[in-house]
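Student: I've got a model open and I'd like to learn how to read a few of its features. Can we go through them together?

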Amino acid sequence: MDIKRKLSFLISLVSILLLLASCSDNSAVDCCGRPDVSGGKTPFEYFAEISSIPRCTYNEKAASDHLVAFAASLGLEAYQDGIFNVLIKKGGTRGREGEPPVILQAHIDMDCTSAEGVDHDFERDPIIPVITDGDRIAAQKRTTLGADNGSGVSMIMAVLASSNISHPPIEALFVTQEEVGLLGAAYFDVSRLAGRRFINLDSVAEGELIASSAGRVTSEMTIPVDAAIPPDDLVTYNVTVTGPWDAIVAVGWILEALDWEEFYLFGVEGTPKECVAAISFDASDINTLREIIFRVEARFRERIPEDMEIAVTMEEAAAPQIAMSGESARRVVAGILKMPNGLLAEGSYLDGHFRTINNFSAIATVDGEVTISNGASSNLAGGLEWLADELNALAELTGANMEIVSRYPGWPYKPYSPLRDRMAEIFKDVYGRDPLIKATAGGLDCAEFAKSMPDADMVSIGPDIKDIHTPDESMSLSSYNRVYDYLVRVLKEL
């Protein structure tokens, strides 16, 4: 090779080396000079892609298989377990291969609800996102959109597909059966995870770093009742209370004021918005009942804002043949009025957002039993355990049987969180203001992972999503894009 050819070769080699050196993982182009667009798709296009696959809870296999195939198309390692949780691992970018991994986590399944009269088969039909009002994303039909949690799934997919994002090793975890009690998170074998920095992408408000979530318990207290046969010459009325909440409590106040030597209770049915008690009594006592109703209605109105409607009505009805004994009626009243109800405890962290709440969900009289159903939530340490003790004590007092129908844990707040502190610093740099550090009243998979990975450092983020679990669910596209950009910045600067 002559001198000119050797010189030309050396110049070419140096040029190639300089080009390679300039193509860092933060570059907007790949090393061939072509624009890098995350495999040709924007994050929102991944959202539309995952939305096209039916994925109601317990029907996540197709979406789970899609994620496994997606990983294979990128040459990434994927693991799928027995209930279709998926773990995808991606190495750190150049110079960051040896950093501790970051876990990015979302849930695959979605709540599937449609408006009355909407023809949509959630087992077969895709969800088609459309833009309304310039920025809001909603489903083409009036169904749930699935932004809870397709937003998180799609953002993680975009990160995995991109070649221009600087990041540490990533463990992308997609779990199933979140909507029915965090079951996928509880099932997953966390020994497969090396990371302890954990970013959940299932929040629904931009500008918040969620640091705790509520656990939830649903319970049923069943009170057996003894039968009594009332005299034939009584009148029977259905007393109905309607209002925005606490109708069951108001019925309890009415029943508490009655003399069960003179009145007979046949049953109580309803919800916190409408509750009915069937009562028999001598016709001469009708004014006594009306006076009690008048007093209770005034008391009930004091608990309700002026612009909300309430009503307590009486309507004559046919009398069933068998009523409750007086003692049984008194035990039912005790079960209603001694039930812990409403805000029960409140903590002092995070602007008072730590609290324990228990609410009636229904009351029913069937086959000689009155069943009172409740839903409770708490993100106070030990809040649900304390409430369970209270419910069991009430069951013993009323001779009832208490059953926990479903339960998932809360995610307790950690005062010390280097991940949260660093993400707050980055947030302020990106947004020009401090984030809100909050707890959420909803459940998050973080709660189960906090149990199985007590040394994990967790934060949850997400875009603005409204009306989740309803046919009016919508997501802000601009918020979605900003949260994705923030996530990318976090991965770059951790």
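Predicted model: local features only at pLDDT ≥ 70, side-chain atom pairs only at ≥ 80, totals over all residues.

Student: Is Phe360 buried or exposed?

Tutor: Phe360 has a relative accessible area of 6%, so it is buried. You'll find Phe360 in strand β17, residues 355-366.

Student: Which residues is Phe360 in contact with, leaving aside its neighbours within four places in sequence?

Tutor: Among them are Ile248, Val249, Pro272, Ile336 and Met339. Asn341, Ile372, Ser373 and Asn374 are also on that list. As for Gly342, it sits 18 residues from Phe360 in sequence, and their C-alpha atoms are 8.7 Å apart in space.

Student: Okay, now the backbone. What should I look for?

Tutor: The general idea is that most residues other than glycine have a negative phi, and most peptide bonds are trans. Then you look for exceptions.

Student: Where does Tyr58 lie?

Tutor: Tyr58 is in the loop between α2 (43-51) and α3 (61-73). Its phi is positive, near 75°. With 57% relative accessibility, Tyr58 counts as exposed.

Student: And what is phi for Asp467?

Tutor: Near 55°, again a positive value in a residue other than glycine. Asp467 belongs to the loop between β22 (465-466) and β23 (474-476). At 44% relative accessible area, Asp467 is partly exposed.

Student: Which peptide bond is cis?

Tutor: Check the one from Asp148 to Asn149, where omega is near 15°. Asn149 is part of helix α4, residues 147-161.

Terms used:
Residues numbered from 1 in each chain as written. Heavy atoms only, no water. Helix = DSSP H or I, 4+ residues; strand = E, 2+ residues; numbered from the N terminus. Buried < 20%, exposed > 50% of the residue type's maximum accessible area, 1.4 Å probe, protein only. Contact = heavy atoms within 4.5 Å.
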